[in-house]
Amino acid sequence: AGEIADEILEDLIKTNIDDKPFIADIDKMCSTVIGDNYGGKLVARIKQELVDINNQGVKLFKEGKIKEALAIFEDAIEKMPNNQTITLNMLKVIIHDLKTSKPDPKKSMQAQSYINKAIQIGIAHDQIGSIQLELDNLQYTPSS
């Protein structure tokens, strides 16, 4: 039973890692039920996992391996759909990809859907605003 509980907890933590009160509750619950700073360790491990995935994606991106970076972030978003950092980085990579490659309506739509999602999961409006602006500017560049 422990393993199933772990999986559920991991999913909850991954999905809500940016929700500090929620994470604190999980931590408390784990301490009460399982004891031994269990929740804290789990949260710390998942945060580290996130940081690793994120760093890996960012590193690939900086090396110009856009496809690989996108694949990493896409995979991360599947596992952690409500994670703000990963969603933001995914958006940055997509926007960069759009800027540096030829216009691609499908990619633009994908970027827009991630922006909408970012707003849903509560990413600060100023962060989204600038990305939205970049996307809008990209979409309306007349092709010469």
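This is a predicted model: local features need pLDDT of at least 70, side-chain atom pairs count only at pLDDT 80 or more; totals for chains, interfaces and linings use all residues.
Hi everyone. I'd like to begin with one side chain: Lys99 is partly exposed, with a relative accessible area of 49%.

The partner is Glu134: the two form a salt bridge, and their closest N and O atoms sit 2.3 Å apart. Glu134 belongs to helix 7, residues 125–139, while Lys99 belongs to helix 5, so this pair ties together parts that are 35 residues apart in sequence. Glu134 is also partly exposed, at a relative accessible area of 29%.

Let me step back for the overall picture. Along the principal axes, the C-alpha atoms fill a box of roughly 65 × 30 × 20 Å. There are 144 residues, and 35% of them count as buried. If you take contacts between residues at least 6 apart in sequence, 55% of those join residues at least 24 apart.

Back to the charges. How many salt bridges does the count come to? The count is six. Besides Glu134 with Lys99, there is Lys107 with Asp97, where the closest N and O atoms are 3.1 Å apart. This pair links distant parts of the chain, with Lys107 in helix 6 (residues 105–120) and Asp97 in helix 5 (residues 84–100), 10 residues apart. Is Asp97 buried or exposed? Asp97 is buried, because its relative accessible area is 11% and the cut-off for buried is under 20%. Lys107, at 24%, counts as partly exposed.

Then there is a network of salt bridges linking Lys59, Glu63 and Lys65. Within that group, Glu63 bridges to Lys59 with the closest N and O atoms 3.0 Å apart. Glu63 is partly exposed at 40% relative accessibility, whereas Lys59 is exposed, with a relative accessible area of 53%.

Now for the packing of helix 5 on helix 6. In general, two packed helices are described by the angle between their axes and the distance between the axes. Here the axes of helix 5 and helix 6 come within 10 Å and cross at roughly 155°. That makes the two helices roughly antiparallel, since an angle over 145 degrees counts that way. The crossing of helix 5 past helix 6 is left-handed.

Which residues make the contact? On helix 5 they are Thr87, Met90, Leu91, Ile94, Ile95, Asp97 and Leu98. On helix 6 they are Lys107, Ser108, Gln110, Ala111, Tyr114, Ile115, Lys117 and Ala118. By class, this contact has nine nonpolar, three polar and three charged residues.

I'll finish with Leu91, which has its place in helix 5. Leu91 counts as buried, at 0% relative accessibility. What is Leu91 in contact with, once its neighbours within four places in sequence are left aside? The answer is Ala111, Tyr114, Ile115, Ala118, Ile128 and Ile131. For one of these, Ala118, the C-alpha atom is separated from that of Leu91 by 9.0 Å, and the two residues are 27 apart along the chain.

Definitions and conventions
Residues are numbered from 1 along each chain as its sequence is written. Side-chain values use heavy atoms; hydrogens and water are left out. A salt bridge is a side-chain nitrogen of Lys or Arg within 4 Å of a carboxyl oxygen of Asp or Glu. Buried means under 20% relative accessible area, exposed over 50%, partly exposed in between (1.4 Å probe, protein chains only). Helices (H or I, at least four residues) and strands (E, at least two) are DSSP runs, numbered from the N terminus. Contact means heavy atoms within 4.5 Å. Axes are lines fitted to C-alpha atoms, for helices over the stretch in contact, and angles run from 0 to 180 degrees between N-to-C directions. Angles under 35 degrees count as roughly parallel, over 145 as roughly antiparallel, 65 to 115 as roughly perpendicular and the rest as oblique. A crossing is left-handed if the near helix is turned anticlockwise from the far one by less than a right angle, and right-handed if clockwise. Ala, Val, Leu, Ile, Met, Phe, Trp, Tyr, Cys and Pro count as nonpolar, Asp, Glu, Lys and Arg as charged, and the others, Gly among them, as polar.
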